[in-house]
Amino acid sequence: HRHGPCAAEESQRAVRPGGQEMKDLLLYIARSLVEHPDDVTVTEKQGADELTLELRVAPDDMGKVIGRQGRIAKEIRTVVRSYAQRTGVKVSVDIVD
């Protein structure tokens with residue numbers, strides 16, 4: 001009998017996760033920043049060579065995810081992109097209203 005996935009399956013999953021983990025990461029970060037976490041949504045758009053994650057928040061939470069001079073938005077993109085780089089996926093984050 002088996003005790004979970006074999007090493008080959010385990011490494012496959014670590015190397016090529018879908019966009020779901022990045023989507024969950026983005027949702028987690030955004031929901032932690034805003035007043036209305038239930039209004040946070042992330043939509044995946046698969047392009048030719050990269051995945052785009054569209055982040056939507058309540059209108060009055062826009063400033064919280066963008067931050068002064070776009071600093072928070074830039075940091076969110078940096079965190080998601082660095083996670084994506086470890087998984088070999090090109091990703092971009094768009095904050096849309």
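Author: R77 sits in helix α4; helices (H or I, at least four residues) and strands (E, at least two) are DSSP runs, numbered from the N terminus. This is a predicted model, in which local features need pLDDT of at least 70 and side-chain atom pairs count only at pLDDT 80 or more, while totals for chains, interfaces and linings use all residues. Residues are numbered from 1 along each chain as its sequence is written, and side-chain values use heavy atoms, with hydrogens and water left out.

With a relative accessibility of 26%, R77 counts as partly exposed. Buried means under 20% relative accessible area, exposed over 50%, and partly exposed in between (1.4 Å probe, protein chains only). Leaving aside neighbours within four places in sequence, R77 is in contact with V93, D94 and I95, where contact means heavy atoms within 4.5 Å. The C-alpha atoms of R77 and L26 are separated by 8.9 Å, and these two residues are 51 residues apart along the chain.

Now the helix as a whole. Helix α4 covers residues 71-87, which is 17 residues, and at 1.5 Å a residue it should span 24 Å. The expected span is 1.5 Å times one less than the number of residues. The end C-alpha atoms of α4 are 25 Å apart, which agrees.

The buried residues of α4 are A73, I76, V80, A84 and T87. Seen down the helix axis, these buried residues fall within an arc of 65 degrees, so they line one face of α4; the arc is that of the directions from the helix axis to the C-beta atoms. On the face turned away from the buried side are the exposed residues R71, K74, Q85 and R86.

Q69 is in the loop between α3 (62-66) and α4. Q69 has a positive phi of about 55 degrees although it is not a glycine, and at 74% relative accessibility it counts as exposed. After α4 comes G88, whose phi is also positive, near 75 degrees.

Further along is strand β3 (residues 91-96), which contains S92. S92 counts as buried, at 14% relative accessibility. Not counting residues up to four places away in sequence, S92 touches E50, L51, T52 and L53. With T52 there is a polar contact between the two side chains, at 3.3 Å. A polar contact is a pair of N or O atoms within 3.5 Å; within protein, one must be able to donate a hydrogen and the other to accept it, and residues adjacent in sequence count only if both atoms are side-chain atoms.
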